[in-house]
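Open the structure in your viewer and get ready to click along. Each stop on this tour says what to select and what you will find there.

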Amino acid sequence: MELKRFLMGLCMTSLSTMMWGQENFASIPEMVAEENAKKGSDCTINFGAKVGFTSSLFLISGFSVNDVAIDEVQNNYKIGYFASAFMRINFDRHFLQPEASYNINNCNITFNKPLPDSSMGESIHQEASITSKIHSIDFPILYGYNFVKEGPYSLAVFGGPKIRYIWGKKSKITFENFDQKNICEQLRPLNLSFTIGTSVTISRVFFDFRYDIGLHNISKDVTCDTPASNLEEGAVTNKIRFHRQDNVLSFSFGVFF
């Protein structure tokens, strides 16, 4: 009789243990799904688009006209504009943001033309200028960090390299009040810059401030026709030389989709 009671108790214990195991086993997928959801919330992907304005600054060096050095150059800022699309990959407070943008940057520089040797200081300096309208397609890859990330609000800083393709056929460079004729500047089609900036986000809307630093000379060559008074008519020479790096300050407004 006692053996029978012992066996019945053992069966009841085994049955209850099996039922408890089934309940916990059934809850495992829910626990895994919940854990994956938590992990997924730390890594999200957003897409967005933005438009904005630019202001270009050409840093001129090694500038000479007819082998006479030009030391003082005035940058006259002009407004350009751009539009871009991007993808932002978020890792908690960090993010990686590749972009593609179409840019039209405008800039104008002026300087006093060098006086001829025969002037003896009696001539008045004349002003010449170079006006650039450069079309380009840019591909920045930015790393950013959110110093503030509370609900829909965030404040971030970012930086990273930018590959720039200058569309030569669309770009236009005008040389005004030069003695040389048919002046033509060739720009390097591929250029590298470094971008730094900050952004403020409110819900799906954000404002972006950035500065692009040109890392090398974008001017490949400058050719011109020398006036017949200096050389035989039709002769071609290179009497205008300069290097320039293209730095761009920009402001944009955009939305996340």
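Start with the charged side chains: across the whole of this predicted model, a search finds 11 salt bridges. Side chains of opposite charge can pair when their charged atoms come close.

**Stop one: a pair between strands 1 and 11**

Select Lys50 and Asp208 and show their side chains. The two form a salt bridge, and their closest N and O atoms are 3.4 Å apart. Lys50 belongs to strand 1 and Asp208 to strand 11, so this pair ties together parts that are 158 residues apart in sequence. Are Lys50 and Asp208 buried or exposed? Both are buried.

Arg210 and Glu99 are both buried. Keep the four residues on screen together: Lys50, Glu99, Asp208 and Arg210 are linked in a network of salt bridges.

**Stop three: a pair between two loops**

Next, pick Asp179 and Lys113. They form a salt bridge in which the closest N and O atoms are 3.1 Å apart. Asp179 sits in the loop between strand 8 and strand 9, while Lys113 sits in the loop between strand 5 and strand 6; the two are 66 residues apart. Why does Asp179 count as partly exposed? Its relative accessibility is 44%, and partly exposed covers the range between under 20% (buried) and over 50% (exposed). Lys113 has a relative accessibility of 12%, so it counts as buried.

**Stop four: the cavities**

Rolling a probe the size of a water molecule over the atoms shows where empty space is left. In this structure, the search finds two cavities of 30 Å³ or more.

The largest cavity has a volume of about 130 Å³. To find its centre, select Ser101, Asn103, Asp138, Lys162 and Asp212, which are the closest to it of the 15 lining residues. Which strand gives the most to this lining? Strand 5 does, with four residues. Other strands that supply at least two residues each include strand 4 (79–91) and strand 11 (205–214). By type, the lining of the largest cavity has three nonpolar, six polar and six charged residues.

For the second largest cavity, with a volume of about 30 Å³, select Arg164, Asn191, Leu192, Ser193, Gly214, Leu215, His216, Ile218 and Asp246, which line it. Strand 10 (residues 190–202) provides the largest share of this lining, three residues. The lining of the second largest cavity divides into three nonpolar, four polar and two charged residues.

**Last stop: the nonpolar core**

Finish with Phe63, Ile130, Phe175 and Phe178. These residues have the most contacts inside the largest nonpolar core, which has 21 residues. Several strands each supply at least two residues of this core, among them strand 1 (43–65), strand 6 (127–150) and strand 14 (240–256).

Centre the view on Phe175 and look around. What is Phe175 in contact with, leaving aside its neighbours within four places in sequence? You will find Ser129, Ile130, Ile183, Glu185, Val222 and Phe242 in contact with Phe175.

How values were computed:
Residues numbered from 1 in each chain as written. Predicted model: local features only at pLDDT ≥ 70, side-chain atom pairs only at ≥ 80, totals over all residues. Heavy atoms only, no water. Core = buried A, V, L, I, M, F, W, Y, C linked by side-chain atoms within 4.5 Å. Buried < 20%, exposed > 50% of the residue type's maximum accessible area, 1.4 Å probe, protein only. Contact = heavy atoms within 4.5 Å. 1 Å grid on protein atoms, 1.4 Å probe; cavity = no way out; pocket = protein on both sides within 12 Å on 5 of 7 lines; lining within 4 Å. Points joined across faces, edges and corners; volume = space filled by probe spheres on them. Nonpolar A, V, L, I, M, F, W, Y, C, P; charged D, E, K, R; others polar.
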